Amino acid sequence: MTHEIAVVPGDGIGQEVTPAAVDVLNALEIDFEFTEAEAGDAVAEETGDPLPQETYDLAASTDATLFGAAGETAADVILPLREAVGSFVNVRPATAYPGVDAVRPETDLVFLRENTEGVYAGHEDRLTDDVATLTRVTTETASRRLAEFACDYVQQGDHDGFTIAHKANVMRETDGLFRETVADVASEAGVETDEVLMDAFATKVCLDPEQFDVVVCPNLAGDVLSDLAAGLVGGLGLLPSANVGPERALFEPVHGTAPDIAGEGAANPAAAILSAAMLLEYLEYDEEAAAVRSAVETTLEAGPRTGDLGGDASTEDVTNAIIDRL
Ligand code: ATP
Ligand code: MG
C-alpha cells in the first residue's frame, strides 16, 4: 500500500529539517509517495499568498502532512493547515532525552490538547474603551471526540489511563461539561482517569513530573501547560507534535524557523525526525516508529551533535547517523 505524504518545509530551518525527516522515512521499507508544496514567507513574497490553494488542497487530501515551520506568516499558514486536516486534537509529547540538559530529566508525558474550541474559538468583544469580553465555548461533541481519541491512545499505547486537567471548580459550566463528558466517555470505555486542577498541575508537574503520563486538557490549558513541560525537558528544540483529524493528520516540530541559524545547515533535525516517528505511529507502523525514536535517542546521547547541543555536526551528519542506526 502506498501512503501519500504532503511535505511542506516552509521557511528558515524548516527547509533543512523537513528533508532530513523525509530521508529517514525513505530509509524504511515502507512505500511512501512524497509531494512537496510551498507555504510561508518565501511564497508570500513571490505570490502574495502564504498558503497557496494547491498546498491547502494537498494537505486536505493526503494521508498525512509533514510541516516544517513558517516565519512571519505562521498564523496564516499553520491555522488553515490544521483546519485542512480537520485537526481536533494536538498531541504534544514532553520527553526528556538522554544527553540533553533538562530541568527534570525524569519527565516523560504527553498532552492531548483539545484543538478547536475553548477561549480560542471564543468571540472577543471590545464593549467600551474600558471593557473587553471573551466568550468561552465548550461543546459535548468536541469533548467527546477528544475523550474517544484519548481512550484509544491509552489502550493502544499501553498506558494505565489518563489525567484530566481542568478548572471546573471555577469555570463550572464550560470546564464542568468538559470534565464530565471526558470522564463519562472514559468510564464507558473502561479507561481509568484521575483529575487535577490545571493550576495545581503546573506546580505538581514541576516538582514531580513522574506522577503524570497522559494529560487531557482544554485548548488554552493544553497550550500553556505543554509549553511549561517543554521547559522541564530542555526547551522546544527537540519536541515533535501532531495535529490529528478524523481522516488525516499533520506533523510538525514544535520549534520555529530559527532565523539565527537558518541556511547554515546547522539545525538539529531531531524534532522533525521525531515528528516523522509520530507520523509512522499514526499510520500504524509502530515498530518502525519505535526504531526511529530509538535511533534518535542513541544519537542524542552518543552524537554526533548539532550546535544547540554543544556539538559542531551538521544537520546532514546527524541525519546520516540516525539513518545508520536504523
Ligand atoms: P519563529 O518566529 O519562527 O518561532 P524564533 O526566533 O522564535 O523563530 P525558534 O525556531 O522558535 O526561533 O527557536 C528559538 C531558539 O532555539 C533559536 O535560537 C533557535 O536557533 C533555537 N532552535 C530552535 N530549533 C532549533 C533546531 N532544530 N536546531 C537548533 N537550534 C534550534
Ligand atoms: Mg519561536
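**Backbone and surface features of a predicted model**

Q: What is the relative accessible area of Ala 258?
A: In this predicted model, Ala 258 has a relative accessible area of 22%. Because exposed means over 50% and buried means under 20%, Ala 258 counts as partly exposed.

Q: And where does Ala 258 sit?
A: Ala 258 is found in the loop between β12 (249-253) and α9 (270-282).

Q: What about the phi of Ala 258?
A: Phi is near 45° there, which is a positive value in a residue other than glycine. Most residues other than glycine have a negative phi.

Q: Which other residue has a positive phi although it is not a glycine?
A: Glu 284 is one, with a phi of about 70°. Glu 284 belongs to the loop between α9 and α10.

Q: Is Glu 284 buried or exposed?
A: Glu 284 is exposed, at a relative accessible area of 64%.

Q: Now the peptide bonds: which residues does a cis bond join?
A: Gly 303 and Pro 304 are joined by a cis peptide bond, with omega about 0°. Pro 304 is in the loop between α10 (286-302) and α11 (315-325).

Q: Changing topic, which residues form the negative surface patch?
A: The patch consists of Glu 36, Glu 38, Glu 45, Glu 46, Asp 49, Glu 54 and Asp 57. At least two of the patch residues come from each of α2 (41-47) and α3 (53-59).

Q: Where does Glu 54 lie?
A: Glu 54 is part of helix α3, and Glu 54 is exposed, with a relative accessible area of 61%.

Conventions: Residues numbered from 1 in each chain as written. Chains lettered and ligands numbered in written order. Predicted model: local features only at pLDDT ≥ 70, side-chain atom pairs only at ≥ 80, totals over all residues. Heavy atoms only, no water. Patch = residues over 30% accessible without salt bridge, like charges linked within 9 Å, V, L, I, M, F, W, Y side chains within 5 Å. Areas by Shrake-Rupley, 256 points an atom, 1.4 Å probe, with all protein chains shown as cover. Salt bridge = Lys/Arg side-chain N within 4 Å of Asp/Glu carboxyl O. Lys, Arg positive; Asp, Glu negative; His and termini not counted. Charge placed at Lys NZ, Arg CZ, Asp CG, Glu CD. Helix = DSSP H or I, 4+ residues; strand = E, 2+ residues; numbered from the N terminus. Buried < 20%, exposed > 50% of the residue type's maximum accessible area, 1.4 Å probe, protein only.
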